[in-house]
Amino acid sequence: MKTYDLMIIGPATRDLNIDYTGVEDRSAGGAVTFCTPAARAAGAEVFAAVKIAPADEDIIELFHMPSEDIALLPSEKTTLMKNVYFTPDRERRDASCPAQSGPILPEEIPPVDCKLYHLAGLLYGDFPNELIEALREKGMVSADAQGFLRHNEGGKLTFHDWADKLRYLPYMDFFKTDAAEAEILTGRTDRAEAAKQLYAWGAKEILISHNTEMLAYDGREMLTCPVKARNLSGRTGRGDTTFGSYLAMRATGRGMEEALRYATACVSLKMETPGVFRGTRADVEAYLKEFYA
């Protein structure tokens, strides 16, 4: 049986993105959609477990993966997301969710041999607590905070602290937030202090994304790496691309500093083009040589 470095689990979406000029773009999205190609490009053996309605199976084709490396987890609905951006840098937006897929249950996880299971969530309710517990028995676990903080309340997206954080952060070998999510979780506006608090609560390695830099902390080293994207036309999927490539590097034995530099270069390159990352490991290495020497 094939052994995978990383299983990326989560709902894919149908997205409507409207930029600050009013131009509309319809595409497939979701954390699993952005994480997976970035992780594969980094050289990891990746399995994708994607929650969508069977009627939207065409989304699976967009992953450009061998059929044995991807599974459709059936849902009554596919998550629908709408993002209206107010600024060119896409840092200010109004997001809504007309439909949400069903929760991913432990019995739906494909029985493949895997080292690390990543919960690439979008909304609270994507992952019940029993799934976290079941995956921890299988291997290492990582998660994006978004899937536990962002709530769909009648189509309106709101953020609330994770009520079960003290119980489940110790399950997390890797845990990713953005700066705003880190503040919601910890009450700290300083990203380094927020990372220290998340570590104190039990997460073993923390990555915090920001539009200027990426930060990683493992209780011993606090590392940062600047974002050097020359334009922000591909801003959507920034955090997911970063974490997908970072997890791939860590799961294949790279150190934290090398993983952070590679992941930041990967997302800087990705943000220069809309859509998921379609480059190669060689493309990222060339970007590192040019902009991170």
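At what angle do helix α8 and helix α9 pack, and how far apart are their axes? The points below take up this question after the basis of the model and its overall form.

1. Basis. This is a predicted model, in which local features need pLDDT of at least 70 and side-chain atom pairs count only at pLDDT 80 or more, while totals for chains, interfaces and linings use all residues. Residues are numbered from 1 along each chain as its sequence is written, and side-chain values use heavy atoms, with hydrogens and water left out.

2. Overall form. The chain contains ten helices and 15 strands; these are DSSP runs numbered from the N terminus (helices H or I, at least four residues; strands E, at least two). Its C-alpha trace spans about 50 × 45 × 40 Å along the principal axes.

3. Of the 293 residues, 56% count as buried (buried means under 20% relative accessible area, exposed over 50%, partly exposed in between, with a 1.4 Å probe and protein chains only). Contact means heavy atoms within 4.5 Å. Among contacts between residues at least 6 apart in sequence, 64% join residues at least 24 apart.

4. The sheet. Nine strands form an open sheet with mixed pairing, in the order β5-β4-β1-β8-β9-β12-β13-β14-β15. Because β5 (70-74) and β15 (222-226) stand at the edges with a single partner strand each, one side of each has no neighbour in the sheet. Neighbouring strands are turned by 20° against each other on average, direction ignored. Two strands are taken to pair if DSSP finds at least two bridges between them.

5. Strand β1 and its partners. Eight of the nine residues of β1 are buried, so this strand is largely enclosed by the rest of the structure. β1 pairs in the parallel sense with β8 over six bridges, and T3 has D113 in β8 as its bridge partner. The pairing of β1 with β4 is likewise parallel, over six bridges, with L6 opposite V46 in β4. Strand β4 (residues 46-52) in turn pairs with β5 in the parallel sense over five bridges; there A49 has A71 in β5 as its bridge partner.

6. Helices on the sheet. Helix α3 (residues 129-138) packs on the sheet and touches β1 (3-11), β8 (113-119) and β9 (140-144), its direction making about 150° with that of β8. Helix α7 (residues 191-200) lies across β12 (174-178), β13 (206-209), β14 (213-217) and β15, running at about 30° to β14. Axes are lines fitted to C-alpha atoms, for helices over the stretch in contact, and angles run from 0 to 180 degrees between N-to-C directions.

7. The α8 and α9 pair. Helix α8 (residues 238-251) and helix α9 (residues 256-270) pack at an angle of about 145°, and their axes are 8 Å apart. Residues of α8 in this contact include R238, T241, Y246 and R250, and those of α9 include M256, L260, C266 and K270.

8. Residue L62. L62 lies in the loop between α2 (58-61) and β5 and is partly exposed, with a relative accessible area of 41%. Leaving aside neighbours within four places in sequence, L62 is in contact with A28 and R278.
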